[in-house]
Structure formats: structure tokens, C-alpha cells
Amino acid sequence: MALTQRRCPKCSTKVGWARLWLKPWIWARWPCQGCGAMLRFSLSRRLIVALGGILAMISGYAAGEYVRQQGFPLAVALIATVATVVVLGVLVLLLDGVKLA
Ligand SMILES: [Zn+2]
């Protein structure tokens, strides 16, 4: 099983970034641009993404707290928190996958 499943399982056409990033509704159904097969997001992968998202937020909190305890100003700790959540969040979202509806 590939780590990323962001292509049509039938014809391997890439799913557009707008669908993946701007319209990631779990209930969405859409036709493949290449073969017209109906696609949807994988529920099991979405569960992994949700758990990973929670871990990303915990990691962000931990990173910010660590930076704060090192004596840096609160603003720096907040930046560390946001940066950690964004970077890990994007990586986690890459695990989202599509399958045939
Ligand atoms: Zn297709």
C-alpha cells in the first residue's frame, strides 16, 4: 500500500489540489478527471489523519511549552507552537487518501 493515495485507483489520474486542500469534505463524491469514476475520501485514512492531527496539536503545545521554559518570550513560544502544528498538520494531511465511491 502506497503511503500517499492521492490518485484515482482506476486510472491513476491525480486528484486536484483544490479538492484535496480546499474541499476536503469527508462526505464528498466527485468524478475522476481522467476516467469519470466516482471517487471519495477513504474513511480509514481520514481516521489516521484525525489522530495525527491531534498528535500534531499536542506536539505543538509541547514545543511551545519547551521554548517558553527555556526563557524565550511568549511570542516566540507561540510561533514555535504554530509552526509545529502547521508543519506536522500538512504532513499528516498528505496521508489523506481517495478511493472509488
Ligand atoms: Zn480515474
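Reader: How do the axes of helix α2 and helix α3 cross, and are the two helices roughly parallel or antiparallel?

Author: This is a predicted model, where local features need pLDDT of at least 70, side-chain atom pairs count only at pLDDT 80 or more, and totals for chains, interfaces and linings use all residues. Residues are numbered from 1 along each chain as its sequence is written. The axes (lines fitted to C-alpha atoms over the stretch in contact, angles running from 0 to 180 degrees between N-to-C directions) of α2, residues 43-69, and α3, residues 74-93, come within 8 Å and cross at roughly 160°. Angles over 145 degrees count as roughly antiparallel, so the pair is roughly antiparallel.

Reader: In what order do the elements of the chain run?

Author: Helices here are DSSP runs of H or I with at least four residues, and strands are E runs of at least two. The chain has three of each, and from the N terminus they go α-β-β-α-α-β.

Reader: What span does the C-alpha trace of the chain have along its principal axes?

Author: The trace spans about 55 × 20 × 20 Å.

Reader: Which residues does C8 contact beyond its neighbours within four places in sequence?

Author: Contact means C-beta atoms, placed from the backbone, within 7 Å. By that test, C8 touches T13, V15, C32, G34, C35, A37 and L39.

Note on methods:
Contact = placed C-beta atoms within 7 Å. Parallel < 35°, antiparallel > 145°, perpendicular 65-115°, else oblique.
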